[in-house]
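Work through the exercises below with the sequence and the model open side by side, and try each task before reading its solution.

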Amino acid sequence: MARLKDKVAVITGAASGFGEGMAKRFAEEGARVVVADLNAKGAERVASEIGEAAIAVQTDVSQRAEFDELVGAAMGNFGRIDVMVNNAGYTHRNGDMLGVDEEVFDLITAVNMKAIYHAARTVVPIMEAQGGGSFITTASTAGLRPRPGLTWYNASKGWAITATKSMAVELAPKNIRVNCLCPVAGETGMLAQFMGEDTPEMRAKFRASIPLGRLSTPLDIANAALWLASDEAAFITGVALEVDGGRCI
């Protein structure tokens, strides 16, 4: 299979979880991958496991200068960017919305929201010059069906979904597709934060809210992202794809 043959993908938050799953799945389908993450060792591990088709770049997506360096590394090594995956994310611990301090709130907005702005400013001109491309953002079911305890995280993902739809309309004449994924809670490093505490009882509570009876996995999200990035989805833009085992029904 080579659904992403000759394509170059930049994936943020790719040192673990959903991002790692995407990086490896994209490479399996022929893509060259830029594994970007604040965790340099984790990014290097993922890139080395992929092999020559990947490079690792330490990146703080909240900083425009570092985003510029990321894009420069992608262009310098691979000469183009066909897929930009805004996957890096941050959350506060499940609990009272008034208990989230301003520093944490600012980091949520910087990583979950402003990073999309940085990506657009740096990558859209490249994709336009190439004749098109694909943006994919990891949003969340929290942006579609918010629940108490994660208010500010929920709001940031609702913002990401709205930005996706507006970008899709504005960039369509440039042949740039813009979509987002809405995963249900999954096996990632942020799961304990989402639940408030990682216990068998809390996991059972979360699973009980999902009709298919389990949490999401990195492979679930990677396969959905793969389809959106591929030419099979050439007529798909502005979609918030629920990858949630029926959670949002």
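**Exercise 1. Place Val34 in the fold and find what surrounds this residue.**

Solution. Start with the secondary structure: Val34 belongs to strand β2, which runs over residues 32-37, where helices (H or I, at least four residues) and strands (E, at least two) are DSSP runs numbered from the N terminus. The model is a predicted one, in which local features need pLDDT of at least 70 and side-chain atom pairs count only at pLDDT 80 or more, while totals for chains, interfaces and linings use all residues. Residues are numbered from 1 along each chain as its sequence is written, and side-chain values use heavy atoms, with hydrogens and water left out.

Next, take the accessibility: Val34 has a relative accessible area of 0% and is therefore buried, given that buried means under 20%, exposed over 50% and partly exposed in between, with a 1.4 Å probe and protein chains only. Then list the contacts (heavy atoms within 4.5 Å): setting aside neighbours within four places in sequence, Val34 meets Ala9, Val10, Ile11, Ile55, Val57, Leu70, Ala74 and Phe78.

**Exercise 2. Determine which side of helix α2 is buried, and what that side packs against.**

Solution. First pick out the buried residues of α2 (residues 40-50), which are Gly42, Ala43, Val46 and Ala47. These residues cover an arc of only 130° around the axis, so they lie on the same side of α2; the arc is that of the directions from the helix axis to the C-beta atoms. The spacing can be understood because an α-helix has 3.6 residues a turn, so residues three or four places apart point the same way.

Now turn to the face of α2 directed away from the buried side, where the exposed residues Lys41 and Ser48 are found. The buried residues themselves pack against α1 (17-28), β2 and β3 (54-58). Finally, inspect the two ends: at the start of α2 a side-chain oxygen of Asn39 comes to within 3.3 Å of the backbone nitrogen of Lys41, and just after the helix Gly51 adopts a positive phi of about 110°.

**Exercise 3. Describe the largest cavity by its volume, its lining and the elements that supply the lining.**

Solution. A cavity is a set of points on a 1 Å grid over the protein atoms alone where a 1.4 Å probe fits but cannot get out, and lining residues have an atom within 4 Å of a point. The structure holds one cavity of 30 Å³ or more, and the largest cavity has a volume of about 70 Å³, a volume being the space filled by probe spheres set on the points, which are joined across faces, edges and corners.

The residues lining the largest cavity include Thr12, Phe67, Asn86, Thr137, Thr138 and Lys157. Two or more lining residues come from each of α4 (102-130) and β5 (133-138), and α4 gives the most, with four.

**Exercise 4. Compare where Asp6 and Asn175 lie, and how accessible they are.**

Solution. Asp6, whose phi is near 70°, a positive value in a residue other than glycine, sits in the segment before β1 (8-12). Its relative accessibility is 51%, so Asp6 counts as exposed. Asn175, likewise not a glycine, has a positive phi of about 60° and lies in the loop between α5 and β6 (176-183). With a relative accessible area of 48%, Asn175 is partly exposed.

Note on methods
A polar contact is a pair of N or O atoms within 3.5 Å; within protein, one must be able to donate a hydrogen and the other to accept it, and residues adjacent in sequence count only if both atoms are side-chain atoms. On a 1 Å grid over the protein atoms alone, a cavity is a set of points where a 1.4 Å probe fits but cannot get out, and a pocket is an open set with protein on both sides within 12 Å along at least five of seven lines; lining residues have an atom within 4 Å of a point.
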